[in-house]
Amino acid sequence: MNKKKIFIAVDTNKISKARRIIRDTQTNEIKIGYKFGLEFFYSKEGRKFISSLKNQIIFLDLKLNDIPNTVVSAMKSLNSLKISYLTVHLSSGMSALKAIRKESKNIKIAGVTTLTSLNNKDLKEIGYNKKVNELVKHQVKLAKKAKLDAIVCSGHEIRSVKRVFKKEIITPGIKIHTTKNDQKRVMKPMDAFTAGSDWLVIGRSITNGNIKKNFKNLLEILED
Ligand code: C5P
(Lines give C-alpha, C1' and ligand atoms only; values in the text may rest on other atoms or scores of the structure.)
Protein backbone atom coordinates (compact mmCIF):
# COMPACT_ATOMS: atom_id res chain seq x y z
CA MET A 1 0.00 0.00 0.00
CA ASN A 2 1.19 3.53 -0.74
CA LYS A 3 2.48 5.49 2.22
CA LYS A 4 0.39 8.38 3.47
CA LYS A 5 1.91 11.73 2.58
CA ILE A 6 2.15 14.79 4.83
CA PHE A 7 3.69 18.18 4.29
CA ILE A 8 4.71 19.72 7.58
CA ALA A 9 4.25 23.50 7.42
CA VAL A 10 7.48 25.01 8.72
CA ASP A 11 5.87 28.30 9.72
CA THR A 12 8.52 30.09 11.75
CA ASN A 13 11.14 32.76 11.15
CA LYS A 14 13.73 30.96 13.25
CA ILE A 15 16.25 28.57 11.72
CA SER A 16 16.62 26.75 15.05
CA LYS A 17 12.88 26.01 15.15
CA ALA A 18 12.93 24.86 11.53
CA ARG A 19 15.79 22.47 12.32
CA ARG A 20 13.87 21.17 15.33
CA ILE A 21 10.71 20.62 13.29
CA ILE A 22 12.65 18.62 10.70
CA ARG A 23 14.62 16.65 13.30
CA ASP A 24 11.53 15.70 15.32
CA THR A 25 9.40 14.62 12.37
CA GLN A 26 11.59 11.92 10.83
CA THR A 27 9.87 8.61 10.15
CA ASN A 28 9.70 5.72 7.71
CA GLU A 29 6.04 5.07 8.40
CA ILE A 30 4.72 7.85 6.20
CA LYS A 31 6.17 10.09 3.51
CA ILE A 32 7.09 13.53 4.82
CA GLY A 33 7.73 16.74 2.91
CA TYR A 34 8.39 20.22 4.27
CA LYS A 35 6.37 23.25 3.31
CA PHE A 36 8.00 26.66 3.59
CA GLY A 37 5.79 29.68 3.25
CA LEU A 38 6.07 33.43 3.34
CA GLU A 39 7.13 33.73 6.97
CA PHE A 40 10.14 31.46 6.60
CA PHE A 41 11.13 32.43 3.06
CA TYR A 42 11.11 36.14 3.90
CA SER A 43 13.15 35.63 7.07
CA LYS A 44 16.80 36.66 7.00
CA GLU A 45 18.35 33.23 6.48
CA GLY A 46 15.24 31.46 5.17
CA ARG A 47 16.17 31.01 1.54
CA LYS A 48 19.74 30.01 2.39
CA PHE A 49 18.47 27.35 4.79
CA ILE A 50 16.10 25.93 2.19
CA SER A 51 18.94 25.75 -0.34
CA SER A 52 21.05 23.81 2.17
CA LEU A 53 18.48 21.02 2.59
CA LYS A 54 19.40 17.72 1.00
CA ASN A 55 17.16 14.79 0.05
CA GLN A 56 13.92 16.42 1.19
CA ILE A 57 10.67 16.96 -0.62
CA ILE A 58 10.32 20.72 -0.52
CA PHE A 59 7.10 22.58 -1.08
CA LEU A 60 7.58 26.32 -1.49
CA ASP A 61 4.25 27.91 -0.68
CA LEU A 62 4.75 31.44 -1.97
CA LYS A 63 1.23 31.67 -3.44
CA LEU A 64 2.33 33.76 -6.39
CA ASN A 65 -0.32 36.16 -7.60
CA ASP A 66 0.80 38.65 -10.22
CA ILE A 67 0.96 39.37 -13.95
CA PRO A 68 2.30 36.56 -16.20
CA ASN A 69 5.75 38.08 -16.71
CA THR A 70 6.24 38.62 -12.99
CA VAL A 71 5.15 35.14 -11.88
CA VAL A 72 7.39 33.50 -14.49
CA SER A 73 10.35 35.72 -13.56
CA ALA A 74 9.75 35.00 -9.87
CA MET A 75 9.77 31.28 -10.57
CA LYS A 76 12.98 31.56 -12.57
CA SER A 77 14.59 33.37 -9.61
CA LEU A 78 13.94 30.21 -7.62
CA ASN A 79 15.81 28.00 -10.07
CA SER A 80 18.79 27.46 -7.80
CA LEU A 81 16.56 25.87 -5.13
CA LYS A 82 15.76 22.17 -5.38
CA ILE A 83 12.05 22.52 -4.78
CA SER A 84 9.43 19.99 -5.81
CA TYR A 85 6.27 22.10 -5.54
CA LEU A 86 5.49 25.80 -5.91
CA THR A 87 2.12 27.45 -5.38
CA VAL A 88 0.36 30.04 -7.51
CA HIS A 89 -3.07 31.54 -6.82
CA LEU A 90 -5.58 30.35 -9.42
CA SER A 91 -7.00 33.86 -9.28
CA SER A 92 -3.84 35.07 -11.06
CA GLY A 93 -5.74 34.19 -14.22
CA MET A 94 -5.29 31.80 -17.14
CA SER A 95 -2.41 33.61 -18.88
CA ALA A 96 -0.29 33.66 -15.74
CA LEU A 97 -1.09 30.00 -14.99
CA LYS A 98 -0.23 28.84 -18.49
CA ALA A 99 2.93 30.93 -18.56
CA ILE A 100 4.28 29.57 -15.29
CA ARG A 101 3.42 26.00 -16.24
CA LYS A 102 5.25 26.36 -19.54
CA GLU A 103 8.47 27.37 -17.79
CA SER A 104 8.28 25.25 -14.66
CA LYS A 105 10.43 22.28 -15.82
CA ASN A 106 10.77 19.85 -12.86
CA ILE A 107 8.90 22.00 -10.37
CA LYS A 108 5.30 20.93 -9.88
CA ILE A 109 2.98 23.90 -10.00
CA ALA A 110 0.13 23.73 -7.49
CA GLY A 111 -2.86 26.00 -7.99
CA VAL A 112 -4.32 27.50 -4.83
CA THR A 113 -8.11 27.63 -4.71
CA THR A 114 -10.01 29.71 -2.17
CA LEU A 115 -8.03 29.90 1.07
CA THR A 116 -9.11 27.59 3.88
CA SER A 117 -9.39 30.61 6.16
CA LEU A 118 -12.31 31.99 4.14
CA ASN A 119 -15.99 31.08 4.33
CA ASN A 120 -19.04 32.24 2.35
CA LYS A 121 -19.41 35.38 4.45
CA ASP A 122 -15.77 36.35 3.81
CA LEU A 123 -16.17 35.82 0.06
CA LYS A 124 -19.21 38.07 -0.02
CA GLU A 125 -17.24 40.71 1.84
CA ILE A 126 -14.42 40.54 -0.72
CA GLY A 127 -16.94 40.94 -3.53
CA TYR A 128 -17.41 37.44 -4.91
CA ASN A 129 -20.94 36.38 -5.82
CA LYS A 130 -20.28 32.67 -5.73
CA LYS A 131 -20.31 30.45 -2.66
CA VAL A 132 -17.06 28.73 -1.69
CA ASN A 133 -17.89 25.36 -3.24
CA GLU A 134 -19.05 26.90 -6.54
CA LEU A 135 -16.01 29.16 -6.71
CA VAL A 136 -13.62 26.27 -6.07
CA LYS A 137 -15.34 24.17 -8.77
CA HIS A 138 -14.85 27.04 -11.16
CA GLN A 139 -11.20 27.59 -10.19
CA VAL A 140 -10.37 23.92 -10.66
CA LYS A 141 -11.45 24.06 -14.30
CA LEU A 142 -8.81 26.77 -14.81
CA ALA A 143 -6.15 24.56 -13.23
CA LYS A 144 -7.11 21.69 -15.53
CA LYS A 145 -7.05 23.87 -18.61
CA ALA A 146 -3.66 25.34 -17.66
CA LYS A 147 -2.38 21.76 -17.12
CA LEU A 148 -1.20 22.47 -13.58
CA ASP A 149 0.27 19.55 -11.61
CA ALA A 150 -1.63 19.87 -8.34
CA ILE A 151 -4.49 21.63 -6.60
CA VAL A 152 -4.49 23.06 -3.10
CA CYS A 153 -7.99 22.88 -1.64
CA SER A 154 -9.71 22.43 1.70
CA GLY A 155 -10.97 19.03 2.79
CA HIS A 156 -14.52 20.16 2.13
CA GLU A 157 -13.94 20.39 -1.61
CA ILE A 158 -11.75 17.32 -2.22
CA ARG A 159 -14.55 15.17 -3.68
CA SER A 160 -15.84 17.81 -6.07
CA VAL A 161 -12.30 18.76 -7.13
CA LYS A 162 -11.49 15.12 -7.89
CA ARG A 163 -14.38 14.88 -10.34
CA VAL A 164 -12.67 17.46 -12.55
CA PHE A 165 -8.99 17.38 -11.66
CA LYS A 166 -7.26 14.02 -11.91
CA LYS A 167 -3.78 14.94 -10.66
CA GLU A 168 -2.49 15.55 -7.14
CA ILE A 169 -4.58 17.14 -4.42
CA ILE A 170 -2.94 18.90 -1.48
CA THR A 171 -5.10 19.73 1.53
CA PRO A 172 -4.33 22.33 4.21
CA GLY A 173 -6.68 23.25 7.04
CA ILE A 174 -6.05 19.88 8.69
CA LYS A 175 -6.62 19.85 12.41
CA ILE A 176 -5.76 16.99 14.73
CA HIS A 177 -7.57 18.54 17.69
CA THR A 178 -10.68 20.69 17.80
CA THR A 179 -8.78 24.00 17.77
CA LYS A 180 -9.20 25.75 14.42
CA ASN A 181 -6.78 28.68 14.89
CA ASP A 182 -7.57 31.10 12.04
CA GLN A 183 -8.81 28.35 9.72
CA LYS A 184 -12.50 28.03 8.88
CA ARG A 185 -12.82 25.07 6.48
CA VAL A 186 -11.03 22.40 8.47
CA MET A 187 -10.94 18.60 8.44
CA LYS A 188 -9.39 15.72 10.38
CA PRO A 189 -6.44 13.87 8.77
CA MET A 190 -8.10 10.51 8.11
CA ASP A 191 -11.26 12.14 6.74
CA ALA A 192 -9.18 14.07 4.20
CA PHE A 193 -7.33 10.94 3.09
CA THR A 194 -10.61 9.04 2.82
CA ALA A 195 -12.05 11.83 0.68
CA GLY A 196 -9.10 11.33 -1.68
CA SER A 197 -6.42 13.87 -0.85
CA ASP A 198 -2.86 12.88 -1.84
CA TRP A 199 -0.98 15.18 0.53
CA LEU A 200 -2.13 16.82 3.75
CA VAL A 201 -0.56 20.02 5.03
CA ILE A 202 -0.25 20.19 8.81
CA GLY A 203 1.35 23.06 10.65
CA ARG A 204 0.43 24.23 14.10
CA SER A 205 -1.18 20.94 15.20
CA ILE A 206 2.34 19.52 15.08
CA THR A 207 4.68 22.46 15.49
CA ASN A 208 3.02 24.18 18.49
CA GLY A 209 4.14 22.70 21.80
CA ASN A 210 5.91 19.36 22.00
CA ILE A 211 6.68 18.50 18.38
CA LYS A 212 7.81 14.92 19.03
CA LYS A 213 4.72 14.14 21.07
CA ASN A 214 2.37 15.78 18.56
CA PHE A 215 4.01 13.92 15.71
CA LYS A 216 3.79 10.56 17.50
CA ASN A 217 0.13 11.29 18.12
CA LEU A 218 -0.37 11.98 14.40
CA LEU A 219 1.33 8.71 13.43
CA GLU A 220 -1.00 6.84 15.80
CA ILE A 221 -4.06 8.52 14.32
CA LEU A 222 -2.91 7.59 10.81
CA GLU A 223 -2.44 3.95 11.79
CA ASP A 224 -6.09 3.48 12.79
O1 C5P B 1 -1.07 25.64 11.07
P2 C5P B 1 -1.94 25.15 9.96
O3 C5P B 1 -2.00 23.63 9.90
O4 C5P B 1 -3.30 25.79 9.93
O5 C5P B 1 -1.14 25.61 8.64
C6 C5P B 1 -1.64 25.47 7.37
C7 C5P B 1 -0.61 25.90 6.39
O8 C5P B 1 -1.15 25.75 5.08
C9 C5P B 1 -0.15 27.35 6.49
O10 C5P B 1 1.24 27.37 6.18
C11 C5P B 1 -0.93 28.07 5.43
O12 C5P B 1 -0.21 29.14 4.87
C13 C5P B 1 -1.14 26.98 4.38
N14 C5P B 1 -2.32 27.10 3.53
C15 C5P B 1 -3.60 27.19 4.02
N16 C5P B 1 -4.67 27.33 3.16
C17 C5P B 1 -4.49 27.34 1.85
C18 C5P B 1 -3.20 27.22 1.34
C19 C5P B 1 -2.14 27.09 2.21
O20 C5P B 1 -3.78 27.12 5.23
N21 C5P B 1 -5.53 27.42 1.04
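The model is predicted: local features need pLDDT of at least 70, side-chain atom pairs count only at pLDDT 80 or more, and totals for chains, interfaces and linings use all residues. Residues are numbered from 1 along each chain as its sequence is written, and side-chain values use heavy atoms, with hydrogens and water left out. Helices (H or I, at least four residues) and strands (E, at least two) are DSSP runs, numbered from the N terminus.

**Barrel**

- Eight strands form a closed barrel in the order S1-S2-S3-S4-S5-S6-S7-S8, with parallel pairing; two strands pair if DSSP finds at least two bridges between them.
- From one strand to the next, the twist averages 25°, where axes are lines fitted to C-alpha atoms, for helices over the stretch in contact, and angles run from 0 to 180 degrees between N-to-C directions.
- One of the pairs is strand S2 (residues 31–36) with strand S3 (residues 57–64), which are parallel over four bridges.
- Tyr 34 stands opposite Ile 58 in S3.

**Helix H7**

- H7 (residues 132–145) has 14 residues and spans 20 Å from its first C-alpha to its last, close to the expected 20 Å at 1.5 Å a residue; the expected span is 1.5 Å times one less than the number of residues.
- Its buried residues are Val 132, Leu 135, Val 136, Gln 139, Val 140 and Ala 143. They lie on the same side of H7, because they cover an arc of only 140° around the axis; the arc is that of the directions from the helix axis to the C-beta atoms.
- Buried means under 20% relative accessible area, exposed over 50%, and partly exposed in between (1.4 Å probe, protein chains only).
- An α-helix has 3.6 residues a turn, so residues three or four places apart point the same way.
- The face turned away from the buried side of H7 carries the exposed residues Lys 141, Lys 144 and Lys 145.
- Cover for the buried residues of H7 includes helix H6 (120–126), strand S6 (150–152) and helix H8 (158–164).

**Helix H11**

- H11 (residues 211–223) has 13 residues and reaches 18 Å from first C-alpha to last, close to the 18 Å expected at 1.5 Å a residue.
- Ile 211, Asn 214, Phe 215, Leu 218, Leu 219 and Leu 222 are the buried residues of H11. An arc of only 140° around the axis puts them on the same side of H11.
- Lys 212, Lys 213, Lys 216 and Glu 223 are exposed on the other side of H11.
- The buried residues of H11 pack against strand S1 (5–9), H1, S2, H9, S8 and helix H10 (204–207).
- At the start of H11, a side-chain oxygen of Asn 210 comes within 3.2 Å of the backbone nitrogen of Lys 212.

**Buried polar residues**

- Asp 122 lies in helix H6 and counts as buried at 14% relative accessibility.
- The side chains of Asp 122 and Lys 184 are joined by a polar contact of 2.9 Å. A polar contact is a pair of N or O atoms within 3.5 Å; within protein, one must be able to donate a hydrogen and the other to accept it, and residues adjacent in sequence count only if both atoms are side-chain atoms.
- A polar atom of the Asp 122 side chain also lies 2.8 Å from the backbone nitrogen of Asn 119.
- Asp 24, in the loop between helix H1 (15–23) and S2, counts as buried at 12% relative accessibility.
- A polar contact of 3.1 Å joins the side chains of Asp 24 and Arg 23.
- Leaving aside neighbours within four places in sequence, Asp 24 is in contact (heavy atoms within 4.5 Å) with Ile 211, Lys 212 and Phe 215.
- Ser 197 sits in the loop between helix H9 (189–195) and strand S8 (199–202) and is buried, with a relative accessible area of 6%.
- The backbone oxygen of Ile 169 lies 3.3 Å from a polar atom of the Ser 197 side chain.
- Ser 197 and Gly 155 are 42 residues apart along the chain, and their C-alpha atoms are separated by 7.8 Å.

**Loop residues with positive phi**

- Asn 55, in the loop between helix H3 (46–52) and S3, has a positive phi near 55° although it is a residue other than glycine. Asn 55 counts as exposed at 81% relative accessibility.
- Lys 147, in the loop between H7 and S6, has a positive phi near 60° and is likewise a residue other than glycine. Lys 147 is exposed, with a relative accessible area of 58%.
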